[in-house]
Amino acid sequence: MLSSYRRDHARGAQDADAQALVESLRRASPEFAAWWAHHDAGAPCSGERRLCVDGVPVAFEHTMLTIDEERHLRLVVHARRDEAAR
């Protein structure tokens, strides 16, 4: 998710609100600061992602719809994947 955000951030890096958000997250989370320093960009716009929710790994199907590329507006949908159905 962070690499997708970095890709979008690169397009609007001059935006003061975007810069303020990154700085706030860097101060609040050493983990975010370390990940942000890796400079990863990209990531698929659909597929499966595994996130830790309260320390438990959870699988999500995700897809993204670009609403307005110039204003970086996207709709991202995450739907919890039923592990028993796999």
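## Nonpolar patch, salt-bridge network and aromatic pair

Strand 3 supplies the largest share of the nonpolar patch, namely 3 residues. The structure is a predicted model, in which local features need pLDDT of at least 70 and side-chain atom pairs count only at pLDDT 80 or more, while totals for chains, interfaces and linings use all residues. Residues are numbered from 1 along each chain as its sequence is written, and side-chain values use heavy atoms, with hydrogens and water left out.

The chain has 3 helices and 3 strands, and from the N terminus on these elements run α-α-α-β-β-β. Helices (H or I, at least four residues) and strands (E, at least two) are DSSP runs, numbered from the N terminus. Of the 86 residues of the chain, 21% count as buried, where buried means under 20% relative accessible area, exposed means over 50%, and partly exposed covers what lies in between (1.4 Å probe, protein chains only). Among the contacts in the chain with a separation of 6 or more, 37% are made by residues 24 or more positions apart, a contact being heavy atoms within 4.5 Å. The chain exposes about 6300 Å², and carbon and sulfur atoms supply 55% of this area; accessible areas come from the Shrake-Rupley method with a 1.4 Å probe, and for residues only the protein chains shown count as cover.

The nonpolar patch on the surface is formed by Leu 65, Ile 67, Leu 73, Leu 75 and Val 77, which together have about 430 Å² of accessible area. Patches are made of residues with over 30% relative accessible area and no salt bridge, with like charges joined within 9 Å and nonpolar side chains (Val, Leu, Ile, Met, Phe, Trp, Tyr) joined within 5 Å. Strand 2 and strand 3 (73–80) each supply at least two residues of this patch. Ile 67 lies in strand 2 and, with a relative accessibility of 53%, counts as exposed.

His 62 is also placed in strand 2 (residues 56–68), but this residue counts as buried, at 6% relative accessibility. The side chains of His 62 and Arg 49 are joined by a polar contact of 3.5 Å. A polar contact is a pair of N or O atoms within 3.5 Å; within protein, one atom must be able to donate a hydrogen and the other to accept it, and residues adjacent in sequence count only if both atoms are side-chain atoms.

The loop between strand 1 (46–53) and strand 2 holds Asp 54, which has a positive phi of about 50° although it is not a glycine. Most residues other than glycine have a negative phi. Asp 54 counts as exposed, with 78% relative accessibility.

Side chains of opposite charge can pair when their charged atoms come close. The structure holds 4 salt bridges, a salt bridge being a side-chain nitrogen of Lys or Arg within 4 Å of a carboxyl oxygen of Asp or Glu. Glu 48, Arg 50, Glu 61 and Arg 81 are linked in a network of such bridges, and the table lists pairs from this network.

| Salt bridge | N to O distance |
|---|---|
| Arg 50 and Glu 48 | 3.3 Å |
| Arg 81 and Glu 48 | 2.6 Å |
| Glu 61 and Arg 81 | 2.2 Å |

The pair of Arg 81 and Glu 48 links distant parts of the chain, with Arg 81 in the segment after strand 3 and Glu 48 in strand 1, 33 residues apart. In the pair of Glu 61 and Arg 81, Glu 61 lies in strand 2 and Arg 81 in the segment after strand 3, so the pair ties together parts that are 20 residues apart in sequence. Arg 50 counts as partly exposed at 48% relative accessibility, and Glu 48 counts as partly exposed at 30%. Arg 81 is partly exposed with a relative accessible area of 24%, and Glu 61 is partly exposed with a relative accessible area of 33%.

A search of the whole structure finds 1 aromatic pair. The rings of Phe 32 and Trp 36 have their centres 5.5 Å apart and their planes at 20°, so the pair is stacked. Rings of Phe, Tyr and Trp (its six-membered ring) pair if their centres lie within 6.5 Å, and planes under 30 degrees apart count as stacked, over 60 as edge-to-face and the rest as tilted. Phe 32 and Trp 36 are separated by about one helical turn because they are 4 residues apart in helix 3 (residues 30–36). Phe 32 counts as buried at 12% relative accessibility, and Trp 36 is buried with a relative accessible area of 9%.
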